[in-house]
Amino acid sequence: MSSPTILPYAPVHARAFRDLNRAWIERYFTIEPHDDEMLDDPEGYILAPGGHILMAALDGQIVGTVALIKETPSRYELAKMAVDGAVQGRGIGRALGEAAIGKAREVGAHGLVLESNRRLAPALALYRSLGFAEVTMPKDTPYARADVRMELAL
């Protein structure tokens, strides 16, 4: 079994970024307006304000992605993590999470936050194993589906 290669986002990845994320969101929830903002314009919404997107390739195919959305100069939101269902369970989510944490440290972040949903138990277990801890959920989240917030100090 080969290991995933983590790549920086390039415009050629726009469709994979959108399709991977739409697949998991539509599997468990419904697409919300805030999803469309990011998925339709990742370069403008995530990259231009100082964020980052990483892609995971396995055997030459893009199979996963994760975004770091800049909230403040020292804090980023880990968002839009998705792995193709056909290759889940092969360590791709962990590789993306570790790469995102490394990228956040590289750019000088002091912390990461994320919002998720308790229905996504495998994702929450992954986040905990990466060092994230649950904190109080803010009332002003842009996602109706979000019911858990986690933070990681870097």
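Visitor: What covers the buried residues of α5?
Guide: This is a predicted model. The cover of α5 includes β4 (75-83), α4 (92-106), β5 (111-116) and β7 (148-153).

Visitor: Which residues of α5 are buried?
Guide: In α5, residues 121-129, they are Leu124, Leu126 and Tyr127. The label buried requires under 20% relative accessible area.

Visitor: What puts them on the same side of α5?
Guide: Their arc around the axis is only 160°, so they lie on the same side of α5.

Visitor: Which way do the residues of β2 point?
Guide: His52, Leu54, Ala56 and Leu58 point one way. Ile53, Met55 and Ala57 point the other way. All are buried.

Visitor: How do you know that β1 and β2 pair?
Guide: Pairing needs at least two bridges. Strand β1 (residues 5-8) has 4 bridges to β2, so they pair, and they run antiparallel. In this pairing, Ile6 stands opposite Ala56.

Visitor: What makes β2 and β3 a pair?
Guide: The cut-off is at least two bridges. There are 7 bridges between β2 and β3 (residues 61-72), so these antiparallel strands pair. His52 has Leu68 as its bridge partner in β3. The hairpin has 2 residues between the strands, and Asp59 takes a positive phi near 50° there.

How values were computed. Residues numbered from 1 in each chain as written. Predicted model: local features only at pLDDT ≥ 70, side-chain atom pairs only at ≥ 80, totals over all residues. Heavy atoms only, no water. Buried < 20%, exposed > 50% of the residue type's maximum accessible area, 1.4 Å probe, protein only. Arc of directions from axis to C-beta. Contact = heavy atoms within 4.5 Å.
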